[in-house]
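Me: Let's go through the strands of this structure by question and answer.

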Amino acid sequence: MMKRLIVAILIISLGIPSCKKANYEWEDYQYTAVPVVTIDTTKTALPTRQAGKVAFFNLKGPDVASQEFAFSLDWQGFNKASVTSIEVYTSYNKAESSVPAYPLVISSPGNQYTNIAQFPLPSIVGTKDKLYETVTTFPKAYSFTAAELAALNNVNLSAVAVNDYFLFKFILNLSDGRRIVTFFNNICDESRGEPGDCRVGVRFKNQ
């Protein structure tokens, strides 16, 4: 009886692997690095929060053209991946149909994150995004006036409207040859507090 039980267990054990019907992509996951952005919260025409990854130009303010937006770009590989370069893309975008509230709304008391994403999702480099430069030395500091961003994106600054925005997105080139062109929405969503920042931007307000 005991011998028959052992044989039955062996048969069941050997048969289990053959029951698998499919291979799933998530089973072959690989680690990646992520871009990390730090905005200069002193270079914004209206108050902001670091976790929001957004600054503001104020159309009611004096000399809008000279208002500033600044941030630094770095990366984090969590000791699993390394970056050789980051492609930096820029775009000008008209206001979406539903925009985040201002002043920024915090999701809950004691939380530093905004209640919703500050720019539309998904956040993928597309045909309207213009390659600004490819960075190989980090951290890299950026500083622009509203006039400089308008010129960079071929926009007439006098034609911008409330809640229009300039946006920077990033593509990572890793040392193992991989090119990370997009990230899941939860990485890009500023309200989630995930590690990494796949975009940063500056929005026009009229306060």
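Me: In the hairpin of β7 and β8, which residue takes a positive phi?

Reply: This is a predicted model, where local features need pLDDT of at least 70, side-chain atom pairs count only at pLDDT 80 or more, and totals for chains, interfaces and linings use all residues. Residues are numbered from 1 along each chain as its sequence is written, and side-chain values use heavy atoms, without hydrogens and water. Strands here are DSSP runs (E, at least two residues), numbered from the N terminus. The hairpin has four residues between its strands, and the one with a positive phi, near 95°, is Gly177.

Me: Which residue of β8 stands opposite Leu172?

Reply: Two strands pair if DSSP finds at least two bridges between them. β7 and β8 (residues 179-180) have two, in the antiparallel sense. Opposite Leu172 stands Ile180.

Me: How many residues of strand β7 are buried?

Reply: Buried means under 20% relative accessible area (1.4 Å probe, protein chains only). Tyr165 and Lys169 are among those pointing one way, Phe166 and Phe168 among those pointing the other, and all are buried. For β7 (residues 165-174), the count is 10 of 10.

Me: How many bridges join β4 to β7?

Reply: Val83 stands opposite Leu174 in β7. Strand β4 (residues 83-93) runs antiparallel to β7, and the number of bridges is 10.

Methods
Buried < 20%, exposed > 50% of the residue type's maximum accessible area, 1.4 Å probe, protein only.
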